[in-house]
Amino acid sequence: MALIDGEHYAPVVRDALADMPYDWVGAILVGGTEKLREGADYGVPLVDGFGDAELVVDLSDEPVLGPEERFRWASRALAAGLPYLGADFRFDPLELEQFSLPSISVIGTGKRVGKTAVTAHLAGLLARDRDVVVVAMGRGGPPEPEVVEVPPSVEELLALSRAGRHAASDHLEVAALTGVPTIGCRRAGGGLAGAVFRSNVSEGARIAAARAPDIVVFDGSGAAVPPVETDRRVLVVGSGTPPDGYLNTYRQLISDVVIAVGVDFPGAIPAELRLRAMAPLEGRVAVFTAGSTDVAHLDADVVHVSASLADRPALRRELDATDADTYLVELKAAAIDVVAEHAAANGKRVVLAANDVVADGLDEVLLALVPERARV
């Protein structure tokens with residue numbers, strides 16, 4: 001299927017199509033009128049959709065299709081399972097491994113959009129009356145998939161960090177905050193459509209399947225998509241990345257539900273994150289997060305709020321200047337190797353913080369995604 005425009009003279013397009021090594025199903029006229037004449041002959045039928053095409057070839061150009069419009073067309077092609085080819089680029093649909101058990105994946109449009117909070121919320125919701133396993137991949141995940149059966153303590157997380165591990169990896173966060181068995185995996189690299197260069201998620205999926213749970217939740221990483229074909233998919237958009245930017249339209253098209261955390265996005269379920277301490281807060285409290293947060297609802301004497309978990313030098317300066325008895329910290333970035341280490345060295349108490357997802361009707365929508373064979 002060719003994408004053509006009226007800024008090209010019809011004979012130019014017709015000759016180009018004839019010279020290319022494809023059997024054309026047709027062409028879609030995407031706009032432009034400058035060189036468009038009545039009855040123009042392109043040598044192939046003009047159609048409205050992709051039909052039974054196996055490849056989409058973009059022969060258009062600016063000003064008809066600029067970068068944003070091209071990414072939208074690429075998203076539509078990829079969502080239809082078709083490669084999208086241009087003069088100097090090519091995008092291919094995600095290659096996803098088949099998975100036999102009931103499953104839901106949670107993906108995001110980027111980092112710090114609230115995806116892990118949604119994964120934790122979904123896992124906890126399903127675990128009320130089902131056997132649930134989470135498979136989480138991250139850029140700091142273990143070299144071999146590891147099963148975390150019980151929530152790790154701060155002391156156990158410190159031991160991992162001191163052994164050279166990333167002790168705030170997503171799978172550890174999910175396990176610590178939900179108590180749901182979680183399999184930690186790693187990934188390296190991320191493409192515009194969400195593919196990864198390397199990961200051990202396939203091995204993690206096999207470990208999950210061997211446990212034969214009622215349902216498996218796969219947690220994405222940043223904008224990367226778990227390389228597993230799941231029954232349903234939830235997309236989380238946030239303020240950090242444009243919901244329609246680049247190939248995020250593709251992520252929308254392959255998702256069953258879109259949740260917008262802290263932003264307005266048409267058609268999405270609006271949600272907010274609410275910080276919650278996993279244990280009672282005592283004395284003067286300093287709060288450490290990876291992004292801005294509201295602490296007015298906390299039942300605590302909050303003396304400092306930091307959003308510097310991802311900036312270790314700034315975080316160390318704040319810790320040295322803060323007089324607090326308890327550190328309330330999100331399990332992200334430098335939570336363990338900096339904040340928990342500082343607490344251990346200075347006799348401070350550490351309490352992990354969860355981010356509750358607050359959204360009207362969200363639980364009903366998520367439960368409706370559960371495949372029939374996993375419903376109770």
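Let me begin with a sheet in this structure, an open one, in which 5 strands follow the order S2-S1-S3-S4-S5 with mixed pairing. At the edges stand S2 and strand S5, residues 90–91, and each of them has a single partner strand, so one side of each is left without a neighbour in the sheet. Please keep in mind throughout that what we are looking at is a predicted model.

Within this sheet, strand S1, which covers residues 2–4, runs parallel to S3 and is joined to it by 2 bridges, and Leu-3 is the residue that stands opposite Asp-58 in S3. Between strand S2, residues 27–29, and strand S3, residues 56–58, there is a loop, and Leu-46 has its place there. Together with Leu-29 and Leu-36, Leu-46 makes a nonpolar surface patch of about 220 Å².

Now let us step back to the whole protein. Its secondary structure comes to 10 helices and 18 strands, and its C-alpha atoms fill a box of roughly 80 × 45 × 40 Å, taken along the principal axes. Of the 376 residues in the protein, 52% are buried.

For an example of burial in a strand, we can turn to S15, residues 284–288, where 4 of the 5 residues are buried, so the strand is largely enclosed by the rest of the structure. Which strands does S15 pair with? S15 runs parallel to S16, with 5 bridges joining the two, and S15 also pairs in the parallel sense with strand S17, residues 326–330, over 4 bridges. To pick out individual residues, Val-287 has Val-305 in S16 as its bridge partner, while Phe-288 stands opposite Val-329 in S17.

Asp-301 gathers with Glu-282, Asp-323 and Asp-325 in a patch of negative charge on the surface.

Let me finish with the salt bridges, of which a search of the whole structure finds 17. In one of them, the side chains of Asp-129 and Arg-130 meet at 2.9 Å, N to O, and here Asp-129 is partly exposed, with a relative accessible area of 45%, whereas Arg-130 counts as buried at 12%.

What does a salt bridge between Arg-373 and Asp-231 tie together? The side chains of these two residues meet at 3.2 Å, N to O. Arg-373 lies in the segment after helix H10, residues 362–368, and Asp-231 lies in the loop between strands S11 and S12, so the pair ties together parts that are 142 residues apart in sequence.

In another salt bridge, between Arg-312 and Asp-337, the closest N and O atoms are 2.9 Å apart. Arg-312 lies in helix H8 and Asp-337 in helix H9, so this pair ties together parts that are 25 residues apart in sequence. Arg-312 counts as partly exposed at 31% relative accessibility, and Asp-337 counts as partly exposed at 29%. Finally, Lys-115, Asp-170 and Asp-219 are linked in a network of salt bridges.

Technical notes: Residues numbered from 1 in each chain as written. Predicted model: local features only at pLDDT ≥ 70, side-chain atom pairs only at ≥ 80, totals over all residues. Heavy atoms only, no water. Patch = residues over 30% accessible without salt bridge, like charges linked within 9 Å, V, L, I, M, F, W, Y side chains within 5 Å. Areas by Shrake-Rupley, 256 points an atom, 1.4 Å probe, with all protein chains shown as cover. Salt bridge = Lys/Arg side-chain N within 4 Å of Asp/Glu carboxyl O. Lys, Arg positive; Asp, Glu negative; His and termini not counted. Charge placed at Lys NZ, Arg CZ, Asp CG, Glu CD. Buried < 20%, exposed > 50% of the residue type's maximum accessible area, 1.4 Å probe, protein only. Pairing = 2+ DSSP bridges.
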